[in-house]
Amino acid sequence: MRIAVTSALVATMMASTAMAGGHAGCADGKTLEEGVLTIATGNPAYYPWVLDDAPESGEGFEAAVAYAVAAEMGFEADAVKWVRTSFDEAIQPGAKDFDFNMQQYSITPEREMMIDFSEPYYSSAMAVLTTGAVVDGGAEATIASLKGLKWGAVATTTAVPMIAGLIAPDSDPLLYGDNTDVTAALQAGQIDAALFDLPTALYLSAVVVENGAILGQFPADRSEAPDQFGLLMEDGNALKECVDGALAALKDSGALAELEAQWLQQATGVPVIE
Amino acid sequence: MSAKLVLSGVRKRFGDNEVCKGIDLTVQEGQMVCLIGASGSGKSTLLRCINLLEPVDDGTILLDGRDIAEPGLDPQPVRARIGMVFQSYNLFPHMTAAENVMLAPRRVHGRSRSDLQAPVTALFERFNLGDRMGHYPDQLSGGQQQRVAIIRALAMQPEIMLFDEITSALDPELVGEVLDVLRSLRAEGMTMILATHEMAFAQEVADKVCFLDKGRILEEGPPETIFGAPREARTAAFLSRVL
Amino acid sequence: MSGSETTAGGLSRRAAYEARQRKRAMRVAAGSTAAVVLALVLLVPLAPGWEKVQRSFFNGEVFAKTFPGLLEAFLTNIYIFAWCAPLIAVLGLVIALCRDVRAPALYPLRLFGAIYTDVFRGLPVILVIYLVGFGIPGLGLPRPWNSPYIWGSLALILVYAAYVAEIIRSGIDSIHGSQRAAAASLGLNEKDTMRFVVLPQAIRNVAPANMNMFIALQKDVALLSFIGPVEIFRQAGVYKSLMANFTPYVGAALIFLAVTIPATRYADYLMQKQRRART
Ligand SMILES: Nc1ncnc2c1ncn2[C@@H]1O[C@H](COP(=O)(O)OP(=O)(O)OP(=O)(O)O)[C@@H](O)[C@H]1O
Ligand SMILES: [Mg+2]
């Protein structure tokens with residue numbers, strides 16, 4: 001026990017000397033395991049958030065942000081431990097087996113009543129994923145045109161209230177358990193369009209959906225129904241302050257924007273929906 | 001009197017067990033023939049063969065001179081001409097007594113319910129069941145059920161009736177009412193074959209008694225001879241056991 | 001406690017005794033039930049995590065907000081059930097009859113019936129729903145013929161008909177040969193024997209077992225949500241995600257129970273009635 005504490009102290013000291021202006025030390029005694037930062041992601045974790053479902057590589061936007069936050073908090077890369085959870089595991093009452101959980105969780109006031117979120121690390125544009133056939137059929141990037149489409153979304157995401165809030169389509173949307181089922185329904189012609197965060201939509205349209213297309217986007221800085229991702233933590237987690245400090249530092253230094261530029265495709269050329 | 005039914009050399013086997021080993025039997029129009037014999041001697045099987053419920057392996061069965069045992073013959077029209085009543089009544093439990101009786105005339109003879117109403121009611125009344133037509137089998141006593149089963153067979157206006165130990169499942173005090181029905185049928189000249197353990201009754205009403213032993217008719221003749229002076233030792237032995 | 005009061009009411013000695021026993025049994029049962037409930041109500045909240053569990057699963061505010069939406073979504077379950085159940089009954093009967101045909105010319109039907117029941121009873125329902133619900137529309141059917149409601153329902157119908165067919169067939173087998181013999185002796189053909197004599201009894205005999213199948217179907221309708229339809233279970237999942245709270249599932253469970261418990265009781269009652277009738 002003493003050895004572990006000592007080595008953790010050493011690691012902390014090393015980290016704090018390495019990172020000028022960092023928040024090293026703020027996590028002391030607040031993590032699950034002393035000297036180790038346990039981070040949860042999805043099972044599987046999806047591109048482009050995590051490449052090849054291997055967060056340990058630090059490749060992919062969320063994986064990269066995770067290591068940057070960890071470093072900012074004073075954890076070496078090898079002091080970061082990854083675990084996997086479903087959404088339900090993340091919100092169930094009782095002890096958590098992670099310090100924070102990152103898998104594109106949107107911050108909403110309702111959710112904040114049950115769990116804690118960090119400050120946002122990403123503001124997501126929402127994009128309309130569809131197929132070439134639907135575009136050829138005359139669908140356009142206008143609300144009026146979108147209303148007439150048959151919509152689909154992943155049931156556990158904030159895309160569901162956004163479809164209702166931003167588009168209010170004529171018929172009720174169909175909802176699915178995961179991305180794969182949404183694209184299957186799109187392919188089967190059971191839905192015309194689905195709402196995803198822009199990076200996911202770009203990936204799905206380019207790689208997964210045959211003849212996929214992005215019809216348009218609701219840009220990230222919209223005022224109505226904004227979608228911001230935060231790190232999810234147990235309600236009342238003492239670590240929140242430390243995590244928020246680290247994120248603020250990354251934003252101030254421009255490091256977060258750099259990671260975004262590096263890992264998330266540029267959304268240029270996707271028309272904005274009026 | 002003419003021969004209504006003539007069996008010659010009728011054989012029936014179940015696997016290795018030959019149950020009818022060449023049966024010859026002649027039944028005259030209006031005759032009542034009783035089959036007696038030990039349990040397992042083949043009485044039921046013989047009746048089921050006549051009714052074509054069991055296909056016959058060999059031999060002929062002439063009904064009005066026509067061979068009904070011919071392989072490949074459609075059995076349904078033949079069965080419609082021969083009525084059969086079973087030891088365990090076999091009424092259809094989900095139908096009322098009247099529905100039990102009307103089903104076959106409706107489906108086989110294509111008669112309507114309204115057509116059948118009068119004759120069926122008459123049959124029920126004749127056998128003192130006029131007030132039981134709307135009852136389900138489980139609301140009837142054993143004797144009443146067996147009488148309904150007889151009415152059901154009679155409603156098809158059969159030319160011959162086969163009875164397979166129809167009183168064996170009845171309480172003793174109910175046997176009489178069923179035997180009365182048989183007496184009444186005999187009085188009106190119905191041709192009947194009856195497998196029975198009621199020796200006194202056979203003695204009283206049979207025109208001919210056949211003693212079956214291990215799949216053969218060992219001895220046949222008028223009841224006075226069979227019961228009074230049997231020719232075969234086996235017959236005598238059987239009778240001494242049951243009388 | 002004086003027994004003379006009750007016997008004075010004109011009851012036989014035995015009836016009076018049994019009435020006393022019943023009253024006593026009821027008092028004991030009520031007492032022990034109350035004790036168990038009381039223990040649960042008092043002890044569970046003492047558990048250290050209870051407050052959090054209560055907030056996540058039994059949250060009054062969330063319940064009030066989501067329950068009307070859940071009820072509305074339950075209508076979808078009812079619709080799907082309502083059109084699946086009769087089709088399952090019909091198809092199940094047809095398959096059962098296929099398996100019972102004896103004419104050699106119809107042997108292919110018999111073979112088909114056997115393969116059908118083997119295959120669809122051997123597959124998980126959810127797999128059939130995915131295969132039929134996404135696969136067939138994927139062949140390029142135009143809307144509305146590619147609707148997940150149609151093909152998802154078909155998947156349920158195919159699977160449940162296989163079970164119902166087996167139940168009906170066991171019912172047919174349970175009818176004693178003497179019933180067929182009696183019908184045959186009257187000159188009825190095989191078709192009429194089946195239709196008027198065997199089937200009515202067979203179906204009545206297996207009614208309770210089929211009741212249980214339909215209770216299971218009522219629950220499995222929720223599986224259709226995997227291919228899009230927003231029925232109660234999916235709606236509860238949406239609420240759960242939006243509010244990070246499991247209370248909507250509890251609401252959905254209550255609605256399910258409100259339907260399935262009376263149905264189960266009724267099936268049990270039928271089964272008991274039948275047992276009594278047989279003995
Ligand atoms: N369907 C069948 N399959 C095989 N064996 C049978 C069948 N029906 C009858 N048997 C056999 O045929 C023999 C004669 O039976 P059957 O019922 O004709 O006798 P029975 O004279 O009517 O006897 P009982 O007085 O007990 O009614 C018995 O050994 C019986 O086991
Ligand atoms: Mg017999």
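Of the two pairs of chains in contact, where contact means heavy atoms within 4.5 Å, chains A and C share the most contacts. Chain A and chain B, by comparison, are joined by no contact, and their closest C-alpha atoms lie 48 Å apart. The structure is a predicted model, in which local features need pLDDT of at least 70 and side-chain atom pairs count only at pLDDT 80 or more, whereas totals for chains, interfaces and linings use all residues. Residues are numbered from 1 along each chain as its sequence is written, chains are lettered from A and ligands numbered from 1 in the order in which they are written, and side-chain values use heavy atoms, with hydrogens and water left out.

Chain A contains eleven helices and twelve strands; helices (H or I, at least four residues) and strands (E, at least two) are DSSP runs numbered from the N terminus. Of its 274 residues, 53% count as buried, a term that denotes under 20% relative accessible area, with exposed set at over 50% and partly exposed in between (1.4 Å probe, protein chains only). Chain A exposes about 11,400 Å², of which carbon and sulfur atoms supply 53%; accessible areas come from the Shrake-Rupley method with a 1.4 Å probe, and for residues only the protein chains shown count as cover. Among the contacts in chain A with a separation of 6 or more, 74% are accounted for by residues 24 or more positions apart.

Strand 6 of chain A, which spans residues 126-131, is mostly covered, since six of its six residues are buried. The cover extends to both faces of this strand, with A:Met126, A:Val128 and A:Thr130 buried on one side and A:Ala127, A:Leu129 and A:Thr131 buried on the other. Strands of a sheet pair through backbone hydrogen bonds, either parallel or antiparallel, and two strands are taken to pair if DSSP finds at least two bridges between them. Strand 6 of chain A pairs in the antiparallel sense with strand 9 (residues 193-197) of chain A over five bridges, and A:Leu195 in strand 9 is the bridge partner of A:Val128. Strand 6 of chain A also pairs in the antiparallel sense with strand 10 (residues 212-218) of chain A, over six bridges, and here the bridge partner of A:Met126 is A:Phe218.

Several backbone features of chain A fall in loops. A cis peptide bond with omega of about 0° joins A:Asn43 and A:Pro44, and A:Pro44 is found in the loop between strand 1 (37-41) and helix 2 (61-73) of chain A. A further cis peptide bond, with omega of about -5°, joins A:Tyr47 and A:Pro48, and A:Pro48 likewise lies in the loop between strand 1 and helix 2 of chain A. A:Asn211 has a positive phi of about 60° although it is not a glycine; this residue lies in the loop between helix 9 (198-208) and strand 10 of chain A, and at 52% relative accessibility A:Asn211 counts as exposed.

In chain B, four strands form an open sheet in the order 2-1-4-5, with antiparallel pairing. Strand 2 and strand 5 (66-67) of chain B stand at the edges, each with a single partner strand, so one side of each is left without a neighbour in the sheet. Strand 4 (residues 58-63) of chain B pairs with strand 5 of chain B in the antiparallel sense over two bridges, and B:Leu62 stands opposite B:Asp67 in strand 5. Elsewhere in chain B, phi of B:Tyr89 is near 65°, a positive value in a residue other than glycine. B:Tyr89 lies in the loop between strand 6 (82-85) and helix 3 (97-109) of chain B, and at 13% relative accessibility B:Tyr89 counts as buried.

Ligand 1 is surrounded by 13 residues, the closest being B:Ser39, B:Gly40, B:Lys43, B:Ser44 and B:Thr45. Oxygen atoms of ligand 1 lie 2.5 Å from an N or O atom in the side chain of B:Ser39, 2.8 Å from an N or O atom in the side chain of B:Lys43 and 3.0 Å from a polar side-chain atom of B:Glu165. Taken alone, ligand 1 exposes 630 Å², and the protein buries 60% of that. Strand 2 (17-28) and helix 1 (43-50) of chain B each supply at least two residues of the shell around ligand 1, and helix 1 of chain B gives the most, with three residues.

Methods
A residue is near a molecule or strand if one of its heavy atoms lies within 4 Å of it. A polar contact is a pair of N or O atoms within 3.5 Å; within protein, one must be able to donate a hydrogen and the other to accept it, and residues adjacent in sequence count only if both atoms are side-chain atoms.
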